[in-house]
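Hello,

Here is the structure you will be working with. Please open it first, then read the notes below with it on your screen.

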Amino acid sequence: MMRIVREKELEFLRNELNYLAESEVITAEKAEEIQSLYEAREKPSFTRTLLYVGSILIGAGILSFIASNWAEIAKPVKFLLIVGIFIACNFAGFKLERNYQKTSKSFYYLGVLVFGAGIFLVEQMFHIGGSTQDAFLWWGIGIMPLAWVLRDKWILLAAVFFFLFHLMDAPYLQGKVIPIWMILIIAAIYFLNGKIGFSKGIALVNGVLQLAFLATVISFFITRMRAFDEPYIFGIIYLAIGIALVLNKGKIHDIYVYLGYITHGGAALLLSFKDSWPMELPSLYIPFSLAYLLFLLFLIKRGSLFSIILLCVMIFRFYLDLSFEFLPKSFVFIIGGVLLLGFGFYFEKQRRKGEGKHV
């Protein structure tokens, strides 16, 4: 599996391997073998940007032309036109792949756009039932093999976003059905992300996808147990997941640790409001908030900069809740601004104190 690193890191590795080979600590062949396992992260390119934007504009233009004349085109011609453009884009990408890699990718990306638009147009043409979110599901499934073949993280990332949008469908949010097939899709994304070179962005969005899938499961059971209060259940479950991810730091990728902070921070913010708790126990938000603040202090003591941000958010949340009720608006803004400046100063101070040690 190819490991993606920064250009400076790869240059340092090359120099060290050359030194070790010249010192006869390792053979030159072994040095080349080790170096072949690493690849520099692509830098933003003006040429690449022009090509990608150009492919998007061409795709939008073609699809706009088809859509504007859709009623006047016969069904067989419509279908063949969509398939023909899709094949032409991928064929052009394949032919240019060896000598013009950037242009080749722009054609592949154009093919991805045409494929997705084709799904929507064919649905309309043959009056296939289903929601818009279903089309995004098939769009994501259809481009995953291409992401594998091309080892392209952007196509895979687009697929993950399409799956995430699919989970926003009303039947899932309302708890009517559990999209059980998403387990296979999530596992496939995890596998592909490892195969094409681990991408933190894909891992993060796939983590959000897993949390969204869990939300559909929780909603499914909540609709069948009317006695429970929804925000309370969601908050407790996600709080536990977020804390578990954070406490497993060192055993999992750092990006999942960051996701854990975001998850338990969001859950704690939800549970810090009175309305999130059951009507029988409305005051539980006070002891919970105090316990959570103590937990954040514990994480800060262990060197967590992210916990400082969450602590500031929680303090500011209660400040706004209380100050708008008891203070004039002018004082609310002035004191709020002072608090934010203080938080920023403290955060920078802690960062300077433990540069490179905090997560």
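The side chain of Ser276 comes to 2.6 Å from the backbone oxygen of Leu270. This is a predicted model, so every number in this email is computed from predicted atoms. Ser276 sits in the loop that joins α12 (254–271) and α13 (285–301). Is Ser276 buried or exposed? Its relative accessibility is 5%, and the cut-off for buried is under 20%, so Ser276 counts as buried.

Now the protein as a whole. It has 15 helices and two strands. Of its 359 residues, 38% are buried. The accessible surface is about 21700 Å², and carbon and sulfur atoms hold 68% of that. Among contacts with a separation of 6 or more, 63% are between residues 24 or more positions apart.

In soluble globular proteins, nonpolar side chains tend to be buried together. The largest nonpolar core here has 35 residues, and the ones that touch the most other members are Ile155, Phe163, Ile189 and Leu209. Two or more residues of this core come from each of α5 (101–126), α6 (132–150), α7 (153–166), α9 (182–195) and α10 (200–222). Which helix gives the most? That is α6, with nine residues. Another core, of 31 residues, lies apart from this one; Ile222, Ile233, Phe288 and Cys312 are among its members.

Leaving out residues up to four places away in sequence, Ile155 touches Tyr109, Val112, Ile143, Leu146, Ala147 and Leu150.

With a relative accessibility of 10%, Val205 counts as buried. Which residues does Val205 contact, apart from neighbours within four places in sequence? They are Leu157, Val160, Phe161 and Leu164. Val160 is 45 residues from Val205 in sequence, yet the two C-alpha atoms are 6.8 Å apart in space.

Helix α4 shows how a helix can have two sides. It covers residues 75–96, which is 22 residues, and spans 32 Å from first C-alpha to last, close to the 32 Å expected at 1.5 Å a residue. Its buried residues are Lys78, Ile82, Ile85, Cys89, Asn90, Ala92 and Gly93. Viewed down the axis of α4, these buried residues fall within an arc of 160 degrees, so they line one face of the helix. An α-helix has 3.6 residues a turn, so residues three or four places apart point the same way. On the other side of α4, the exposed residues are Pro76, Leu80, Ile87, Phe94 and Lys95.

Last, two backbone angles. Most residues other than glycine have a negative phi. Glu24 is not a glycine, but its phi is positive, at about 60 degrees. Glu24 lies in the loop between α1 (7–22) and α2 (28–35), and at 71% relative accessibility it counts as exposed. Arg151 also is a residue other than glycine with a positive phi, near 55 degrees. Arg151 is in the loop between α6 and α7. Its relative accessible area is 49%, so Arg151 is partly exposed.

Regards

Key:
Residues are numbered from 1 along each chain as its sequence is written. This is a predicted model: local features need pLDDT of at least 70, side-chain atom pairs count only at pLDDT 80 or more; totals for chains, interfaces and linings use all residues. Side-chain values use heavy atoms; hydrogens and water are left out. Helices (H or I, at least four residues) and strands (E, at least two) are DSSP runs, numbered from the N terminus. Buried means under 20% relative accessible area, exposed over 50%, partly exposed in between (1.4 Å probe, protein chains only). Contact means heavy atoms within 4.5 Å. Accessible areas come from the Shrake-Rupley method with a 1.4 Å probe; for residues, only the protein chains shown count as cover. A nonpolar core is a set of buried Ala, Val, Leu, Ile, Met, Phe, Trp, Tyr and Cys residues joined through side-chain atoms within 4.5 Å. The expected span of a helix is 1.5 Å times one less than its number of residues. The arc is that of the directions from the helix axis to the C-beta atoms. A polar contact is a pair of N or O atoms within 3.5 Å; within protein, one must be able to donate a hydrogen and the other to accept it, and residues adjacent in sequence count only if both atoms are side-chain atoms.
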